[in-house]
Amino acid sequence: MRQLSALDAQFLNVESRGTVAHIAGLAILDPTGTPGGRLTLDDLMELMRRRIPMIRQFRWRLAEVPLGLDHPYWIEDPDFDLEYHVREIALPRPGDDRQLADQMARLHQRPLDRARPLWEMYLVQGLEGGRIALYAKIHHALIDGVAAAQIVAALLDLEPEPRETGVVDDWRPERPPNAWSLLAGAAARAAVHPLRTTGGLLRAVPYLDTFPVVGRVPGIGAVTGALRTAARTGQVPPQMDLNAPRTPFNGPITRHRRVAFGSLPLNEVKKVRHALDASVNDVVMALCATALRRWLIDHDALPDRPLVAAVPVSTRALDDDTHGNQVSAMFTPLPTHLADPRARVEAMRDTMTTAKQRLVATPERWLQELTAVVPAAFGGLTAWALFRLAPSAMPPINLVISNVAGPQFPLYLCRAEVLAYHPLSVVSDLSGGLNITVFSYNGNLDIGLTACREMVPDVWSLIGYFADALEELKDL
């Protein structure tokens, strides 16, 4: 058995009527190279049967500890049914991108069945131009972004001809644990919980002034500064303005979603990067700031101070194929309040530099250690208070923005070329009703927007502003 960490369990605890905590990818495929120019469900099922021995998480399901006294475990599902998880649907004509996005929004807003392994995959037929799509979602409690990329690598090929993995499927399901053994383990861990968490708490407390909301508590800067001096951990770069303003996409979200996607040429982004002495990530963040500024102006809702974004950062080693989440986060202002494009991109570059310096100065595992402080039995209650009560009083951030580096060469699925890969992610009361995730693949930046339907109904307007934002930066 494999027990979920406190951070993994929090992704289960945050789910509610309005929040689902799975991440997903939408791959657009060209089936021209497949036999007969078609990719069928049988083709996909055959590939999955051959590759699933390489993706052991796909056979895991949850085993809950009685009364919720400890974090759940992952166990192998003795009733694993591949046909349940891999499905096929079709779009009506003309099968354009907006129809595809509407269908993806409906699939993305549905929670995964916790009685089964927490993933689903849909082959989507009927796209215009002879294209097809593959949508796959998996619960965030099981994987982080880097682990998701490793799963994608296991499924896809570098050449049109599917490779032979040489992996023999000798899987045998484990015997499910009994309730008494789970309770005994919970009791043992509860006894040592204070000792296990004290060290992590002591390492995290000196850096509480780097977090939104907490950093604004009167006197917190002096306290944490004194603790860092006492611990001889060095100084953190100066505080940034992390006072998140109210926006139309902050507040209680609903269960309904909107999805939009698009792509930008990576070579144009790199030209801008060199011309403006910035990194690719700086330019991506500046594009987000500009697109958000345009959208907020449209809705007469542009704040007079910067937005605040959380940017997930992986702490996982490249050769680490373990399950679960190994992530941290940095927090940065988004200069949406600046009208001048050059001032906006320069401010974005400078704030990202400071945010990175602050991230490096904090413990790598601060997020894991802080979530581990709360006893498992109170994890659900804590998540309820944090994710649904706290944002009503003061939004800690406005949105989450992720930028993931991907391969710069074509990939293939069952001989069909992957034309684009658009990531879709999580929105919540705490993180805001809009999520922007960017994935660089084969010469493009593939953008995926996930939004609360009622908060951002015109999500396609926002995706259109990214192209305008790039043109604006090129003009500089």
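Mentor: Let us start with Leu 67, which in this predicted model is found in the loop between β3 (60–63) and β4 (73–76).

Trainee: Why is Leu 67 called exposed?

Mentor: The label exposed asks for over 50% relative accessible area, and Leu 67 has 77% relative accessibility, so Leu 67 counts as exposed.

Trainee: What makes the phi of Leu 67 worth a remark?

Mentor: Most residues other than glycine have a negative phi. Leu 67 is not a glycine, and yet its phi is positive, at about 65°.

Trainee: Where is Asp 277, and why is Asp 277 called exposed?

Mentor: Asp 277 sits in the loop between α8 (266–275) and α9, and its relative accessibility of 61% is set against a cut-off of over 50%, so Asp 277 counts as exposed. The phi of Asp 277 is also positive, near 55°, in a residue other than glycine.

Trainee: What kind of peptide bond joins Arg 93 and Pro 94, and what is its omega?

Mentor: That bond is cis, with an omega of about 10°, and Pro 94 lies in the loop between β5 (86–90) and α4 (97–108). Most peptide bonds, by contrast, are trans.

Trainee: Why is Ala 27 called buried?

Mentor: Buried means under 20% relative accessible area, and Ala 27 has a value of 8%, so Ala 27 is buried. Ala 27 lies in strand β2 (residues 22–30) and, leaving out residues up to four places away in sequence, touches Ile 132, Ala 133, Leu 134, Val 418, Ala 420 and Tyr 421. Ala 27 and Tyr 135 are 108 residues apart in sequence, while their C-alpha atoms are 6.5 Å apart in space.

Trainee: How do you know whether Cys 414 and Cys 452 are buried or exposed?

Mentor: The same cut-off of under 20% is used: Cys 414 has a relative accessible area of 10% and is therefore buried, and Cys 452 has a relative accessibility of 1% and therefore counts as buried too. As for disulfides, which need a pair of cysteine sulfur atoms within 2.5 Å, the count comes to 0.

Trainee: How many cavities of 30 Å³ or more does a search of the whole structure find, and what lines the second largest cavity?

Mentor: The search finds 2 such cavities, and the second largest cavity holds about 30 Å³ of space. Its lining consists of Leu 264, Val 284, Leu 287, Cys 288, Val 438, Leu 445, Ile 447 and Phe 466. Two or more of these lining residues come from each of α9 (280–298) and β15 (444–452), and α9 gives the largest share, 3 residues.

Trainee: What kinds of residues make up the lining of the second largest cavity?

Mentor: Leu, Val, Cys, Ile and Phe count as nonpolar, and the lining divides into 8 nonpolar residues, no polar and no charged.

How values were computed: Residues numbered from 1 in each chain as written. Predicted model: local features only at pLDDT ≥ 70, side-chain atom pairs only at ≥ 80, totals over all residues. Heavy atoms only, no water. 1 Å grid on protein atoms, 1.4 Å probe; cavity = no way out; pocket = protein on both sides within 12 Å on 5 of 7 lines; lining within 4 Å. Points joined across faces, edges and corners; volume = space filled by probe spheres on them. Helix = DSSP H or I, 4+ residues; strand = E, 2+ residues; numbered from the N terminus. Buried < 20%, exposed > 50% of the residue type's maximum accessible area, 1.4 Å probe, protein only. Contact = heavy atoms within 4.5 Å.
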